[in-house]
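Dear colleague,

Here is the structure I said I would pass on. My notes on it follow below.

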Amino acid sequence: YVADSDNERIQKFDPNGKFLGAFRVSTWRGKNVETPYLAFRGGFLYASNASEKAVLKYDATGHLAAICRKKDKDGFAGAAGVAVDAQDRVYVVEKGLVKIARFTVPMAPSK
């Protein structure tokens with residue numbers, strides 16, 4: 001996976017470098033604003049989105065499954081690096097606060 005913020009997309013390649021497809025990230029504002037980071041866990045892709053002060057969660061098909069922000073504030077201050085641990089807790093670097101925030105994405109309701 002490649003975060004291509006200038007073209008507002010995430011591209012997918014196989015291990016040999018063959019292009020497999022891409023999906024749009026309409027909230028990315030190009031490399032002068034975004035320095036997106038990606039993390040993978042449990043079949044999901046997480047992408048930082050600094051201009052939206054959020055972390056985006058995508059399923060394996062590139063469908064946006066969740067937009068994650070802080071509840072008590074406007075969002076993550078300069079969302080940068082992102083990681084996910086074995087308990088599905090998400091960590092995001094907040095450059096604006098020089099801190100790391102930890103949260104868990106709520107499960108989608110079953111149908």
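A search of the whole structure, which is a predicted model, finds seven salt bridges. I start with three of them and then go through the fold, the strands and the surface.

Salt bridges

Asp4 pairs with Arg9, and their closest N and O atoms are 2.8 Å apart. Asp4 is buried, at 13% relative accessibility, whereas Arg9 is partly exposed, at 29%.

Arg41 and Asp88 form another salt bridge, with 3.2 Å between the closest N and O atoms. Arg41 belongs to strand β4 and Asp88 to the loop between β8 and β9, so this pair ties together parts that are 47 residues apart in sequence. Both ends are partly exposed: Arg41 has a relative accessible area of 31%, and Asp88 is at 35% relative accessibility.

A further salt bridge joins Arg69 to Glu52, the closest N and O atoms being 3.3 Å apart. Here the link runs from loop to loop: Arg69 is in the one between β7 (64–68) and β8, Glu52 in the one between β5 and β6, so parts 17 residues apart in sequence are tied together. Arg69 is partly exposed at 37% relative accessibility, and Glu52 is partly exposed with a relative accessible area of 25%. Through shared partners, salt bridges join Arg29, Glu52 and Arg69 into one network.

Overall fold

The protein chain has ten strands and zero helices; along the sequence the pattern reads β-β-β-β-β-β-β-β-β-β. For 111 residues, a compact globule would have a radius of gyration near 13 Å, and the 14 Å of the protein chain agrees with that. The C-alpha trace spans about 40 × 40 × 25 Å along its principal axes.

Of the 111 residues, 37% are buried. Among contacts in the protein chain with a separation of 6 or more, 28% are between residues 24 or more positions apart. The accessible surface is about 7000 Å², and carbon and sulfur atoms account for 52% of it.

Strand β5 (residues 44–49) is largely enclosed by the rest of the structure, because five of its six residues are buried. It pairs with two strands described here. With strand β4 (residues 38–41), β5 pairs in the antiparallel sense over four bridges, and Phe40 has Leu45 in β5 as its bridge partner. Two residues separate the strands of the β4 and β5 hairpin, where Gly42 takes a positive phi near 60°.

With strand β6 (residues 54–58), β5 is again antiparallel, over five bridges. Ser48 stands opposite Val55 in β6. This hairpin has four residues between β5 and β6, and Lys53 in the turn has a positive phi of about 55°.

Strand β8 (residues 79–84) pairs with β9 in the antiparallel sense over four bridges, and Ala79 has Glu94 in β9 as its bridge partner. The two strands form a hairpin with four residues between them, and Asp88 in the turn has a positive phi of about 65°. Asp88 is also the residue that forms a salt bridge with Arg41.

β9 pairs with strand β10 (residues 99–104) as well, in the antiparallel sense over six bridges. Val90 has Phe103 in β10 as its bridge partner. In the hairpin of β9 and β10, with four residues between the strands, Val98 has a positive phi near 55°.

What do the two faces of strand β9 (residues 89–94) consist of? Val90, Val92 and Glu94 make up the covered face, and Arg89, Tyr91 and Val93 the uncovered one.

Val2, Phe13 and Phe19 make a nonpolar surface patch of about 240 Å². Phe19 lies in strand β3 (residues 19–24) and is partly exposed, with a relative accessible area of 43%.

Gly17 sits in the loop between β2 (9–13) and β3. At 47% relative accessibility, Gly17 is partly exposed. From Gly17 to Asp6 the C-alpha to C-alpha distance is 20 Å, and the two are eleven residues apart in sequence.

Regards

Notes:
Residues numbered from 1 in each chain as written. Predicted model: local features only at pLDDT ≥ 70, side-chain atom pairs only at ≥ 80, totals over all residues. Heavy atoms only, no water. Patch = residues over 30% accessible without salt bridge, like charges linked within 9 Å, V, L, I, M, F, W, Y side chains within 5 Å. Areas by Shrake-Rupley, 256 points an atom, 1.4 Å probe, with all protein chains shown as cover. Salt bridge = Lys/Arg side-chain N within 4 Å of Asp/Glu carboxyl O. Buried < 20%, exposed > 50% of the residue type's maximum accessible area, 1.4 Å probe, protein only. Rg over C-alpha atoms; globule rule 2.2 N^0.38 Å. Contact = heavy atoms within 4.5 Å. Pairing = 2+ DSSP bridges.
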